[in-house]
Amino acid sequence: INDPLTPVVLDKYDIIILDWLQRGYTPEEATDVRAWIEDGGGLMTMTGHTNNQTVIDRPNSIIAPMGLSYNGSAGFFSGPVTQFAMHPINMGLTSLTFAGGLFIDIASGGIGVNTTIMTLPPGPVGVVQDRLKGRLFVFGDEWVEFDSQWKNMPDIKQFWVQTLSLLGPKDSCVVPQCDG
């Protein structure tokens with residue numbers, strides 16, 4: 001989103017997925033995003049689309065104030081992810097694409113409760129943070145959104161169904177479904 005992230009803009013959405021960010025965000029925008037999540041919004045961030053610092057700095061401008069951030073100290077690395085913690089996003093998953101992504105640093109975010117749900121040897125690559133009424137899901141790669149991966153890794157469709165179900169409004173009744 002190139003327009004400023006304001007409460008008016010954010011309130012139009014139940015779920016926002018961020019990838020390929022075109023700019024960094026201001027502290028005020030990060031505060032508004034945090035308030036939107038705490039009021040029930042669901043935010044997912046992904047990164048890894050190019051090997052330069054912008055894929056770290058831009059999403060971190062939004063998520064670092066909530067205690068999670070992408071870390072480039074191990075460089076960009078690949079999976080696939082096969083280490084899953086018990087979590088609704090991971091139900092039934094055995095392998096998930098991870099090609100040229102980053103691990104996630106976890107710091108105290110105050111209100112947020114962090115759960116590492118996916119790991120590769122350098123560290124956490126999938127972290128869910130519950131914040132009051134909403135959730136933040138930080139994933140260290142973006143290949144899970146490409147058609148080529150959907151064809152090669154059948155778990156990706158299930159991953160998306162379960163991710164969107166978790167990030168959606170907590171007061172809605174959703175039964176996750178996956179067609180083969």
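1. Contact here means heavy atoms within 4.5 Å. Helices (H or I, at least four residues) and strands (E, at least two) are DSSP runs, numbered from the N terminus. This is a predicted model: local features need pLDDT of at least 70, side-chain atom pairs count only at pLDDT 80 or more, and totals for chains, interfaces and linings use all residues. Residues are numbered from 1 along each chain as its sequence is written, and side-chain values use heavy atoms, with hydrogens and water left out.

2. Start with helix 3 (residues 54-63). Seven of its ten residues are buried (under 20% relative accessible area; exposed is over 50%, partly exposed in between; 1.4 Å probe, protein chains only). They are Val55, Ile56, Pro59, Asn60, Ser61, Ile62 and Ile63. Their cover includes strand 1 (15-18), helix 2 (27-38), strand 2 (42-45), strand 3 (68-71) and strand 10.

3. Now the strands around strand 8 (residues 113-120). Two strands pair if DSSP finds at least two bridges between them. Strand 5 (residues 83-84) pairs with strand 8 in the antiparallel sense, over two bridges. Phe84 has Met118 of strand 8 as its bridge partner. Strand 9 (residues 123-131) also runs antiparallel to strand 8, with seven bridges joining them. Leu120 stands opposite Gly123 in strand 9.

4. Val113 belongs to strand 8. Neighbours within four places in sequence aside, Val113 is in contact with Val128, Gln129 and Asp130. Val113 and Val128 are 15 residues apart along the chain, and their C-alpha atoms are separated by 8.1 Å.

5. Which residues touch the most other members of the largest nonpolar core? Met118, Phe137, Phe139 and Phe159 do, in a core of 23 residues. Such a core is a set of buried Ala, Val, Leu, Ile, Met, Phe, Trp, Tyr and Cys residues joined through side-chain atoms within 4.5 Å. Helix 5 gives the most, with five residues. Another core, of 22 residues, lies apart from it; Ile37, Ile63, Met66 and Leu102 are among its members.

6. On aromatics, the structure holds seven pairs. Rings of Phe, Tyr and Trp (its six-membered ring) pair if their centres lie within 6.5 Å; planes under 30 degrees apart count as stacked, over 60 as edge-to-face and the rest as tilted. Phe137 and Phe139 make a tilted pair, 6.1 Å centre to centre with 40 degrees between the planes. Both are buried. One aromatic cluster takes in Phe77, Phe98, Phe137, Phe139, Phe159 and Trp160.

7. There are five salt bridges in the whole structure (a side-chain nitrogen of Lys or Arg within 4 Å of a carboxyl oxygen of Asp or Glu). One joins Arg23 and Glu29 at 2.7 Å, N to O. Arg23 counts as partly exposed because its relative accessibility is 21%; Glu29, at 6%, counts as buried.

8. Glu38 has two partners to check. With Arg34, the closest N and O atoms are 3.8 Å apart. Arg34 and Glu38 are four residues apart in helix 2, so about one helical turn separates them. With Arg131, the N to O distance is 2.7 Å. That pair links distant parts of the chain: Arg131 lies in strand 9 and Glu38 in helix 2, 93 residues apart. Arg131 is buried, at 2% relative accessibility. Shared partners join Arg34, Glu38 and Arg131 into one salt-bridge network.
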